Amino acid sequence: MKEAKLVKKAVKGNAKAFEELLIIHSERLYRTAFLYAGNREDALDIVQETSCKAFLAIGQLKNEQYFLTWLTRILIHCAYDVLKKRKKETPVEKLLDLPSSSELKVAENLDLMEAVTQLKDQHRTAIILFYYHDLAIGEIARMMDKPENTVKTYLQRGRKELKARLGGEQDGKENVS
């Protein structure tokens, strides 16, 4: 696989190989950052910060097959850092930059995006990695450095909170706590 060779070269200090890896994964990195930030400018800042930190630390990557996991983990930490620094509310109008494959469901996507950004950090991370990146529970657990059952709990609580925020409990199966 070409990517595995690029990772090995990058770990040995080849800046060109690292740059190619970033290009390969740029869309995924941007989309993930956008899910955290909610706007284009902050998402680009997160990706830039991630790229810089990853470039400085690439020599510490122990297992080349987990490059994307490692890079995503750095991105998540950078996203939290940027959001803590900014400490601002994202106006719904800014969410119109949301990359979407279907223009018909923009309003639903905006509601969902707003609800996802309001989740607790752990729940948001688990939801984004599971539903937006289709990662397995085990992979998410490695990224978050948590046990699998903890990740399952984060997903369950995140879904429950999203359902409540989006008004999805009208099917007669309301949970009474």
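Student: What pattern does the protein follow, read along the sequence?
Tutor: This is a predicted model: local features need pLDDT of at least 70, side-chain atom pairs count only at pLDDT 80 or more, and totals for chains, interfaces and linings use all residues. Residues are numbered from 1 along each chain as its sequence is written, and side-chain values use heavy atoms, with hydrogens and water left out. Helices (H or I, at least four residues) and strands (E, at least two) are DSSP runs, numbered from the N terminus. Along the sequence, the pattern is α-α-α-α-α-α-α-α-α.

Student: How many helices and how many strands are there in the protein?
Tutor: Read the pattern again: α-α-α-α-α-α-α-α-α. The count is nine helices and zero strands.

Student: What percentage of the residues in the protein is buried?
Tutor: Buried means under 20% relative accessible area, exposed over 50%, and partly exposed in between (1.4 Å probe, protein chains only). The protein has 177 residues, and the buried share is 38%.

Student: Which residues does Ile58 touch, not counting residues up to four places away in sequence?
Tutor: Contact means heavy atoms within 4.5 Å. Ile58 is one of the core residues that touch the most other members. Its contacts beyond four places are Ala10, Val11, Phe18, Phe67 and Trp70.

Student: Are H3 and H4 parallel or oblique to each other?
Tutor: Axes are lines fitted to C-alpha atoms, for helices over the stretch in contact, and angles run from 0 to 180 degrees between N-to-C directions. Helix H3 (residues 26-37) packs on H4 at about 125°, with axes 8 Å apart. Angles under 35 degrees count as roughly parallel, over 145 as roughly antiparallel, 65 to 115 as roughly perpendicular and the rest as oblique. Therefore H3 and H4 are oblique.

Student: How many charged residues does the contact of H3 with H4 have?
Tutor: Leu29, Tyr30, Ala33, Phe34 and Ala37 in H3 meet Arg40, Asp42, Ala43, Leu44, Ile46 and Val47 in H4. Ala, Val, Leu, Ile, Met, Phe, Trp, Tyr, Cys and Pro count as nonpolar, Asp, Glu, Lys and Arg as charged, and the others, Gly among them, as polar. This contact has nine nonpolar residues and no polar ones, and the charged count is two.

Student: Is Thr32 buried or exposed?
Tutor: Thr32 lies in helix H3. It touches Leu75, Ile128 and His133, leaving aside residues up to four places away in sequence. With a relative accessible area of 2%, Thr32 is buried.

Student: Is the crossing of H4 and H5 left-handed or right-handed?
Tutor: The axes of helix H4 (residues 40-57) and H5 come within 8 Å and cross at roughly 130°. That makes H4 oblique to H5. A crossing is left-handed if the near helix is turned anticlockwise from the far one by less than a right angle, and right-handed if clockwise. This crossing is right-handed.

Student: Is H8 roughly parallel or roughly perpendicular to H9?
Tutor: Helix H8 (residues 137-144) and helix H9 (residues 148-165) pack with their axes 9 Å apart, at an angle of about 100°. That angle makes the pair roughly perpendicular.

Student: How far apart in space are Ile137 and Glu148, C-alpha to C-alpha?
Tutor: Ile137 is in helix H8. At 18% relative accessibility, it counts as buried. Beyond four places in sequence, its contacts include Phe130, Val151 and Glu148. Ile137 and Glu148 are 11 residues apart in sequence, and their spacing in space is 6.2 Å.

Student: What is the relative accessible area of Asp134?
Tutor: Asp134 lies in the loop between helix H7 (121-132) and H8. Its phi is near 50°, a positive value in a residue other than glycine. Asp134 is exposed, and its relative accessible area is 65%.

Student: Where is Asp145 found?
Tutor: Asp145 has a positive phi of about 60°, although it is not a glycine. It is exposed, with a relative accessible area of 58%. Its place is the loop between H8 and H9.

Technical notes. Core = buried A, V, L, I, M, F, W, Y, C linked by side-chain atoms within 4.5 Å.
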